[in-house]
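New page in my notebook. I want to look up a few spots one by one and jot down what I find.

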Amino acid sequence: MKGKLVIISGPSGCGKTTVCSHLTQEPNIKKSISFTTRAPRAYEKDGVHYHFISRDAFYKRIDEGRFAEYAEYCGNLYGTSLDHLTKALENGLIYLLEIDVHGASQIRKKFPEVITIFLIPPDEETLEERLVKRNTNNKAEVDERLEIAKDEYKYRDNYKHCIVNDKLDDTIKKIRKVLELG
Ligand code: 5GP
């Protein structure tokens with residue numbers, strides 16, 4: 001494998017997407033664009049933020065073995081394209097997977113050399129504040145995501161690197177060190 005595979009997990013609202021968009025400013029770092037059955041948010045574009053597909057199309061892809069991993073989160077399916085992942089690694093890229101804890105377990109089994117990072121929000125209040133502020137989920141959805149977050153914390157020991165995402169610059173510095181980017 002020429003490239004480097006990197007998982008970034010953490011509770012919804014912990015800042016994974018922001019961290020990934022900073023890291024991907026470097027030409028050799030790319031983020032996997034997941035497939036999902038979730039409806040797009042107002043600002044989200046198909047093929048940019050996600051590949052938005054129907055549940056039937058998702059199941060078909062599962063049957064065809066086209067996912068490196070997939071999982072259900074808040075009633076929606078999310079999955080990583082095996083083909084995209086393989087090509088990125090063949091091309092020597094640092095390939096970021098912003099995926100949940102269950103998808104991460106599947107990837108760890110298939111790609112033991114994967115670098116695993118768990119992002120932790122500074123505290124629970126900050127997490128709730130970020131979820132409410134970003135205004136993409138209603139109250140019930142925010143509550144559900146906070147509930148799932150409690151469960152996700154239990155998996156953090158499975159990750160080699162746990163980083164508290166308080167100040168973005170510090171987080172990026174720490175991740176760059178983990179990725180040996182100098
Ligand atoms: P959101 O709906 O906020 O975009 O994502 C919800 C959760 O699904 C987040 O924890 C995100 O990391 C996770 N997720 C996004 N894409 C994938 C994927 O391809 N596979 C898995 N297992 N989880 C994903």
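Is Ser 12 buried or exposed? I looked up its relative accessibility, which is 6%, so Ser 12 counts as buried (buried is under 20% relative accessible area, exposed over 50%, partly exposed in between, with a 1.4 Å probe and protein chains only).

Before going on, I note that this is a predicted model, where local features need pLDDT of at least 70 and side-chain atom pairs count only at pLDDT 80 or more, while totals for chains, interfaces and linings use all residues. Residues are numbered from 1 along each chain as its sequence is written, and side-chain values use heavy atoms, with hydrogens and water left out.

**Ser 12.** I found Ser 12 in the loop between β1 (4-9) and α1 (16-23); helices (H or I, at least four residues) and strands (E, at least two) are DSSP runs numbered from the N terminus. Its side chain makes a polar contact of 2.7 Å with the side chain of Arg 145, and another of 3.1 Å with that of Arg 134. A polar contact is a pair of N or O atoms within 3.5 Å; within protein, one must be able to donate a hydrogen and the other to accept it, and residues adjacent in sequence count only if both atoms are side-chain atoms. Leaving out residues up to four places away in sequence, I also see Ser 12 touching other residues, including Tyr 73, Leu 127 and Glu 152 (contact means heavy atoms within 4.5 Å).

**The ligand.** Which residues come nearest to the ligand? Of the 17 around it, they are Ser 34, Arg 38, Tyr 50, Tyr 78 and Arg 145 (near means a heavy atom within 4 Å). A polar side-chain atom of Tyr 50 lies 2.5 Å from an oxygen atom of the ligand. For Glu 69, a side-chain N or O atom is 2.7 Å from a ligand nitrogen, and for Asp 100 I read 2.7 Å from a ligand nitrogen to a side-chain N or O atom. β5 and β6 are the elements that give two or more residues to the shell around the ligand.

Most residues other than glycine have a negative phi. Cys 74 is not a glycine, yet I noted a positive phi of about 50°. Cys 74 is in the loop between β5 (67-73) and β6 (76-81), and is partly exposed at 23%. Glu 180, also not a glycine, has a positive phi of about 55°. I found Glu 180 in the segment after α7 (168-178); at 65% relative accessibility, Glu 180 counts as exposed.
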